[in-house]
Amino acid sequence: MFSCQYASRNISKGVFLLPLTLLLVVLLLPLIRNLNQRYSKTYANNLENKETRRCNLFSGTWSPYPEEPYYSNSTCPYRTDKQNCFMHGRPDREFLKWRWKPDECELPLFDATQFLNLVRGKSMAFVGDSIGRNQVESLLCLINSVAHPEDITARYTNHTFFKWWFSADFNLTVTMLWSPFLVKSIDADLNASSYYRATELYLDEADRAWASKVENFDYVIFSTGQWFFRPFTFYENGKVVGCQRCEKNMTELNFYGYRRAFRTAFRTIRDLKGFKGLTFLVTHSPDHFENGMWNEGGSCNRTKPFTVEERREYKNGDILETLHHIQVEEFAVAEKEGRKKGLYFGMIDITDPMAMRPDGHPNRYGKVVDKTVTINDCVHWCMPGPVDSWNEFLLYMMKLHSENGDMV
């Protein structure tokens, strides 16, 4: 009798609990599934971020990109005329419809507000030649949608190659310090054209045009290279050690000055007693003259990036690879030695991406300042254009450092 009553009560409870259990399962299952999806998504995002931070930004391809460029003729007053390709009649716009896509991750778009908040109250010095100026002007155009930097060059110098800008809204100072050789240089033949002008390079002495000014800067960005194809006499310890493209009875040392100049620049920045900033190297920017050099009728008429096959056949590939190899080697030494002193060095490796962009130059749609004639410019870069990607790289690396004190 006891057993039957017990069984009956259990059956009643079971009948009651079964629907309740099923109801709870029905109600809770979507919640559990949603939580699991959120966890999986969060984990995947974290994993993706970690993988992205290990990604080689500079290995990739140029992918079609239909959106409009960051700025236009009417929104950027900072460009040098000869980089304003549309101002001088360039008819095609296809070269603007490409964006760099790394193989293993995404390169974020340039965010002017994010950049300006990151550099609020800081100073940036771009050191080098007109290719460095190209990047500076691109940066000014990119941030002009949020801040409007004022040209304050007259407060510092009347030299046309030195430029200073200041944004009061963000207390940001940006300067371009002209130093195409990075080291002390003396023109030996002032009557010759600049390309053929014999120059003395003192390879163990940094150019004071920049070295005397950057000690208190937060960011120093080196970018130069095109000037190193000239005739040189090289000095070290006050004595002649060789030459390049020389007619004298001396040792021919091609690319020797290029290597030593970067070595001296990096050593100088490391040894500045008060310097605590970040140092970036923007690697060599390639030219794309075809059918002759600039003074031989050469031009760059292409309207879209190289294919992979065309890139392999790029006629200046061997020289470009040599220059790039030198920079990478010298940077590796500088980065290692810099870390010992708590300094950070980052490399913005634009060489291979830009080697694929023969369409990005002004070509005949540039203009030589103060002259009525034009030359084919296959060295500098149209603005807007692929040069804007350099500052996408720069922002990415600055953010990476601000978040975890590391570089890619």
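Tutor: Helix 9 covers residues 388-404, and its end C-alpha atoms are 25 Å apart. That agrees with the 24 Å its 17 residues should span at 1.5 Å a residue, because the expected span is 1.5 Å times one less than the number of residues. Helices here are DSSP runs of H or I with at least four residues, strands are runs of E with at least two, and both are numbered from the N terminus. The model is predicted, so local features need pLDDT of at least 70 and side-chain atom pairs count only at pLDDT 80 or more, while totals for chains, interfaces and linings use all residues. Residues are numbered from 1 along each chain as its sequence is written, and side-chain values use heavy atoms, without hydrogens and water.

Apart from neighbours within four places in sequence, Q135 is in contact (heavy atoms within 4.5 Å) with F126, I221, V282, V387, W390, N391 and L394.

As for the sheet, four strands form an open, mixed one in the order 7-8-10-11, where pairing needs at least two DSSP bridges between two strands. Strand 7 (183-187) and strand 11 (239-244) are the edges, each pairing on one side only. Strand 8 (residues 199-206) and strand 10 (residues 232-236) run parallel, joined by four bridges; in strand 10, F234 is the bridge partner of L201.
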